[in-house]
Amino acid sequence: MDKNTIVIAIDHGWSNMKTVHETFTSGIREITTEPALFENVLEKDGKYYKIGSERLKVKDSKVEDENYYLLSLAATAKELERLGKRTANVYWAVGLPLTRFGKEKKAFIKYLNQNREVTFKYEKKQYHITIERISVYPQCFAAVASQISEFPAKVLVVDIGSWTVDLMPIINQSPDESVCVTKNSGIITCIQQINKECVRKLNSEVDEYDIQQVMLNGADDLPDQYKDIILEELHKYCETITNYIRELGYNMDLTPIIFVGGGATVMKRFGQMQQRNVRYIEDIRANAKGFDYLGKIYLERVIHRAG
């Protein structure tokens, strides 16, 4: 790697793909014939894929099929388009949940590194990339990595993603991995519970997009019977997250807590925790920006040693 290598940070969420500058739905669908419109269309090996729209279903692993590899190419194209580049040496900086990091890291690197050189098209523009390196960083930690030097002696970081919730204590500016916890209780589980209640009480579901809009902006456009269910379940979800933290022995009134990830906004709006010891980092791309920060530090060290 050298100074011409470009760090492309990607957060592979079950709901959204995030880079430093871009967010798009983690959805991909093969188109059997050449499409009439090429917006958000990836072309590789003679096949066409529509990127975005409906998200993928959650699976045990993201390396079971080629979907997240192709989504990585789309994410890379979006970042390279911003730079005005079609050919690049790329350093992919990505992440995994804390407690699955050690177990899944090698498989994720092997999956993403299946082709060192890749030629593909995105929105009819051809890209040729060479994968120089792939680094995997722990989610949650990455979201606050650039701020850790400013933290007090003890902080609990709670990263609420689309499928997982990571709880990571940072002691004396160092993560304590021995007591980190990952739970499959992310925002998708909240959406699923909302729709279970809607079916039970109203015999109808609500589109995920509409629920997400309630999470972000309120529920003014929905009928009251749906709005009431959604708001009730959002409050219950936040209470569940709060109870997880209490069960781990943290005092909610005294422990400095930082909520990050897509669920930080939900906790801020519906968790009703506004005490001074609680902070919210609502940037949905916080982990991607952290991967970028850590990747660039590594790249600078490599270049410095080579020089």
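## Packing of α6 against α7

Leu231, Leu234, His235, Tyr237, Cys238, Ile241 and Thr242 in α6 are in contact (heavy atoms within 4.5 Å) with Val266, Met267 and Phe270 in α7. Of the residues in this contact, eight are nonpolar, two polar and none charged, where Ala, Val, Leu, Ile, Met, Phe, Trp, Tyr, Cys and Pro count as nonpolar, Asp, Glu, Lys and Arg as charged, and the others, Gly among them, as polar.

The axes of α6 (residues 224–247) and α7 (residues 263–270) lie 9 Å apart at an angle of about 105°, and the two helices are therefore roughly perpendicular (65 to 115 degrees).

## Basis of the description

This is a predicted model, in which local features need pLDDT of at least 70 and side-chain atom pairs count only at pLDDT 80 or more, while totals for chains, interfaces and linings use all residues. Residues are numbered from 1 along each chain as its sequence is written, and side-chain values use heavy atoms, with hydrogens and water left out.

## The open sheet

Seven strands, in the order β1-β8-β10-β9-β6-β7-β5, make up an open sheet of mixed pairing (strands pair if DSSP finds at least two bridges between them). Its edge strands, each pairing on one side only, are β1 (6–9) and β5 (28–31). Strands β8 (residues 87–96) and β10 (residues 125–138) run parallel and are joined by 10 bridges; alanine 88 has isoleucine 129 in β10 as its bridge partner.

## Lysine 18

Lysine 18, in strand β3 (residues 16–18), counts as buried because its relative accessibility is 9% (buried means under 20%, with a 1.4 Å probe and protein chains only). The side chain of lysine 18 reaches the backbone oxygen of asparagine 16 at 3.2 Å.

How values were computed: Helix = DSSP H or I, 4+ residues; strand = E, 2+ residues; numbered from the N terminus. Buried < 20%, exposed > 50% of the residue type's maximum accessible area, 1.4 Å probe, protein only. Polar contact = N/O pair within 3.5 Å; in protein donor to acceptor, adjacent residues only side chain to side chain. Axes fitted to C-alpha atoms, helices over the stretch in contact; angles between N-to-C directions. Parallel < 35°, antiparallel > 145°, perpendicular 65-115°, else oblique.
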